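Before you look at the details, please open the model and keep it beside this note. The points below go from the whole chain to single residues, and each can be checked by eye.

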Amino acid sequence: MTNDCVIFTPKNPLPQPIALRYNAFMTLKITSFLTCLLLCLMPPVLGEDKNTQPAPEKIYNGKKLKVLLITGGCCHNYIFQSTALSQGIEERVNAEFTVINEGGKGTRAQIPFYNDPKWADPYDVVIHNECFADTTDAEYIRKITEVHKAGKPAVVIHCAMHTYRSAKIDDWRLFLGVTSRRHEHKSRYAVIPFAKEHPVMKGFPEKWITPKDELYVIDKLWPETKPLAYSTSERTGKKHAVIWTNTYGKARVFGTTYGHADDTFRDDVFINLLARGTAWAAGKL
Ligand SMILES: [Zn+2]
């Protein structure tokens, strides 16, 4: 409340002699009084609230991208993550999400969605954020990888890297661009970019400290994989790629191994990264 505003209460009533003298001057005074009252009662204007974040930068404003998010499986809060991811990316990229959350919360599932060989046709890019480590059926896995190999762009997040890890075939790992079979403890890891010139990494900090998340141990980078950033193991001192791009057949693939915790999905750096990665995979960056 500013010093110009005076609230008239029963203890501090509008002075009677002035109130009775109704003329143009009083109209002005009463209007002024009402304005003061309204201003004093109104919540702070959004722009003046120190806690309000500015709207995120628009990364892509062209024709609306149709994004398919495949999620579900073990060990993560996929309902929250799907909401945070779709809302965060739609704020930054002109995109429309379809979310398929199937297969329950276990480590083994074969979702019927992939039975249609044209499952990805309506979409420009597919985000995989699922966690089914113990599904091993080669024919099932190839229903997914063959669609990507033919050119459907993809984004792969966190436990997608451990999905199908028990399978004998390498198709899924070749699609991801990395082989990982285990992770280290949760911690706040420093993420250091080493491909700052890559369009996905534009605006990425010199050093990003993650919310408490898991460090995935990368056993192998496949030949088409270009690592964009790394984190260092607190146990072994070994550097592991945590953000990368891959080319799988005709498809662009963008990946990150972070994304265990809800707090990671609340972090603007992470959501910006995923938004840029999605636009890049779709050829729109
Ligand atoms: Zn996890």
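**Notes on the predicted model**

1. Contacts along the chain. Among the contacts in the chain with a separation of 6 or more, 77% are made by residues 24 or more positions apart. Please keep in mind that this is a predicted model. The chain has seven helices and 11 strands, and of its 285 residues, 39% count as buried.

2. Confidence. The pLDDT averages 87 over the chain, and 82% of the residues score at least 70. Over residues 1-50, however, the pLDDT is below 50, and this stretch has 15 contacts in the model beyond near neighbours in sequence.

3. The sheet. Nine strands form an open sheet with mixed pairing, and their order is β2-β1-β3-β4-β11-β10-β9-β6-β7. The strands β2 (93-101) and β7 (208-209) stand at the edges, where each has a single partner strand, so one side of each is left without a neighbour in the sheet. Helix α7 (residues 268-281) packs on the sheet and touches β1, β2, β3 (125-131), β4 (154-157), β7, β10 (239-248) and β11 (251-256), while its direction makes about 170 degrees with that of β11.

4. The pair β1 and β2. Strand β1, which covers residues 60-73, pairs with β2 in the parallel sense over eight bridges. As an example that you can find in the model, L68 has T98 in β2 as its bridge partner.

5. Strand β11 and its partners. To one partner, β4, strand β11 is joined by four bridges, and the two run parallel; here V155 stands opposite F254 of β11. With β10, in contrast, β11 pairs in the antiparallel sense over six bridges, and N246 stands opposite V253 of β11. The strands β10 and β11 form a hairpin with two residues between them, and G249 in the turn has a positive phi of about 60 degrees.

6. Burial of β11. In a regular strand, the side chains alternate between the two faces of the sheet. From β11, A251, V253 and G255 point one way and R252, F254 and T256 the other way, and all are buried. The strand is thus described as mostly covered, with six of its six residues buried.

7. A closer look at F254. Which residues does F254 contact, leaving aside its neighbours within four places in sequence? They are V155, V200, T245, G277, W280 and A281. F254, which lies in strand β11, is buried, because 28 other C-beta atoms lie within 10 Å and the cut-off for a buried residue is 20 or more. The C-alpha atoms of F254 and A154 are separated by 6.4 Å, although these residues are 100 residues apart along the chain.

8. The length and faces of α3. Helix α3 has 15 residues, which at 1.5 Å a residue should span 21 Å, and its end C-alpha atoms are 21 Å apart, which agrees. Within α3, the residues Y78, Q81, S82, L85, G88, I89 and R92 are buried. They cover an arc of only 150 degrees around the axis, which puts them on the same side of α3. These buried residues pack against β1, β2, β3, α6 (262-265) and α7, whereas the face turned away from the buried side carries the exposed residues I79, F80 and Q87.

9. Two residues with a positive phi. Most residues other than glycine have a negative phi. C75 has a positive phi of about 80 degrees although it is not a glycine, and it is found in the loop between β1 and α3 (78-92). H158 also is not a glycine, and its phi is positive, at about 45 degrees; its place is in the loop between β4 and α5 (171-176).

10. The surroundings of these two.

Note on methods: Residues are numbered from 1 along each chain as its sequence is written. Two strands pair if DSSP finds at least two bridges between them. Two residues are in contact if their C-beta atoms, placed from the backbone, lie within 7 Å. Axes are lines fitted to C-alpha atoms, for helices over the stretch in contact, and angles run from 0 to 180 degrees between N-to-C directions. A residue is buried if 20 or more other C-beta atoms lie within 10 Å of its own, exposed if 12 or fewer, and partly exposed in between; C-beta atoms are placed from the backbone. The expected span of a helix is 1.5 Å times one less than its number of residues. The arc is that of the directions from the helix axis to the C-beta atoms. pLDDT is the predictor's confidence in each residue, from 0 to 100.
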